Amino acid sequence: PSRLLDVDGIQGWSLNDAEVAYLNPTSTGADFALKQSGVNVIRLDGRTNANSYFNTGGNVGIGTDSPNETLGLHKSTRPYIQLTSDSTGSASSDGSFIGFVTSSGDLEIRNKENKFIRLSTNDTERMRITGGGNVGIGTDSPASTLVVSKNQNGHGITIDQENAGDGYHSKLTFRGSDGSGGFVQTAALAAYQTANGANGYLRFFSGNTEAMRITSTGILQKMG
């Protein structure tokens, strides 16, 4: 034997004549399991295409001995999970990452491949961010920065104003570069409410100057 103790064949450990663990070395890898009431609850199977699992009914901790949820991952600085495949490669610049950008807890989902990120509910895709950075809601092929699509009459985008009272408004703003790293307002559309939202009017801005208004009664007013 090349080790202090060398055992050939399947090994088992029992308590009160009930097996609680076993180790099964094979030519394709080793199979190790811990049992509870005769059932495998932790299994580490190193054989080709075999399954490994934890099924103790408790939580699993990586970097912590007191996991609060099914899987707890802890690191003193920046915990990350990296997902790779044979197609992406397995270097630090490959695949996708989920983790903290900073130790303070800023969360990041990063795809380092030139591929999309997809969000689905009810087994149906709802939103996609393409590799080029376009965002599609209800479409998997957004041709511009943001595309919202749905096969339903009356669908659209809703902007709520939670403050009650005259003069509160919601605003859609268009900005352009000021040439110095900042932005300036080039145009805007603002919806003002009156009578606690029961009525309202629209103001159209060119730059920061109001150019046109549609009153609550439908009258179009040119300003200036």
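Strands E16 and E17 form a hairpin with four residues between them. Ala-195, in the turn, has a positive phi of about 50°. Strands here are DSSP runs of E with at least two residues, and helices are runs of H or I with at least four, both numbered from the N terminus. The model is predicted, so local features need pLDDT of at least 70 and side-chain atom pairs count only at pLDDT 80 or more, while totals for chains, interfaces and linings use all residues. Residues are numbered from 1 along each chain as its sequence is written, and side-chain values use heavy atoms, with hydrogens and water left out.

Two strands count as paired if DSSP finds at least two bridges between them.

E15 and E16 (residues 183-194) run antiparallel and are joined by nine bridges. Ser-177 stands opposite Phe-183 in E16. The hairpin of E15 and E16 has five residues between the strands, and Gly-179 there takes a positive phi near 85°. Eight bridges link E16 to E17 (residues 199-206), again antiparallel. Here Gln-193 faces Gly-200 in E17. E18 (residues 209-214) pairs with E19 over three bridges in the antiparallel sense. Arg-213 stands opposite Gln-221 in E19.

A further open sheet has four strands in the order E11-E12-E13-E14, and its pairing is mixed. At its edges are E11 (117-121) and E14 (146-148). Each has a single partner strand, so one side of each is left without a neighbour in the sheet. The twist averages 20° from one strand to the next. E13 (residues 135-137) and E14 run parallel and are joined by three bridges. Val-135 has Leu-146 in E14 as its bridge partner.

E2 (18-26) pairs with E3 (residues 29-36) in the antiparallel sense over six bridges. The two form a hairpin with two residues between them. Leu-23 stands opposite Phe-32 in E3. E3 also pairs with E4 (residues 39-45) in the antiparallel sense, over six bridges. Phe-32 stands opposite Leu-44 in E4. Two residues separate E3 and E4 in their hairpin, and Ser-37 in the turn has a positive phi of about 55°.

Most residues other than glycine have a negative phi. Asp-17 has a positive phi, near 65°. Asp-17 lies in the loop between E1 (11-15) and E2. Its relative accessible area is 82%, which makes Asp-17 exposed. Asp-123 also has a positive phi, of about 60°. Asp-123 sits in the loop between E11 and E12 (124-129). Asp-123 is exposed, with a relative accessible area of 80%. Exposed means over 50% relative accessible area, buried under 20%, and partly exposed in between (1.4 Å probe, protein chains only).

The largest pocket holds about 240 Å³ of space. Of its 13 lining residues, the closest to its centre are Leu-83, Ser-96, Asn-111, Phe-116 and Ile-117. A pocket is an open set of points on a 1 Å grid over the protein atoms alone, where a 1.4 Å probe fits, with protein on both sides within 12 Å along at least five of seven lines; lining residues have an atom within 4 Å of a point. The volume is the space filled by probe spheres set on the points, which are joined across faces, edges and corners. E9 (96-100) and E10 (107-111) each supply at least two residues of the lining. By class, the lining has six nonpolar, four polar and three charged residues. Nonpolar covers Ala, Val, Leu, Ile, Met, Phe, Trp, Tyr, Cys and Pro; charged covers Asp, Glu, Lys and Arg; the others, Gly among them, are polar.

Overall, the protein chain has zero helices and 19 strands. Its radius of gyration, taken over C-alpha atoms, is 30 Å. The C-alpha trace spans about 95 × 40 × 40 Å along its principal axes. Buried residues make up 17% of the 224 residues.

Definitions and conventions: Axes are lines fitted to C-alpha atoms, for helices over the stretch in contact, and angles run from 0 to 180 degrees between N-to-C directions. The radius of gyration is taken over C-alpha atoms; the globule rule is 2.2 Å times the number of residues to the power 0.38.
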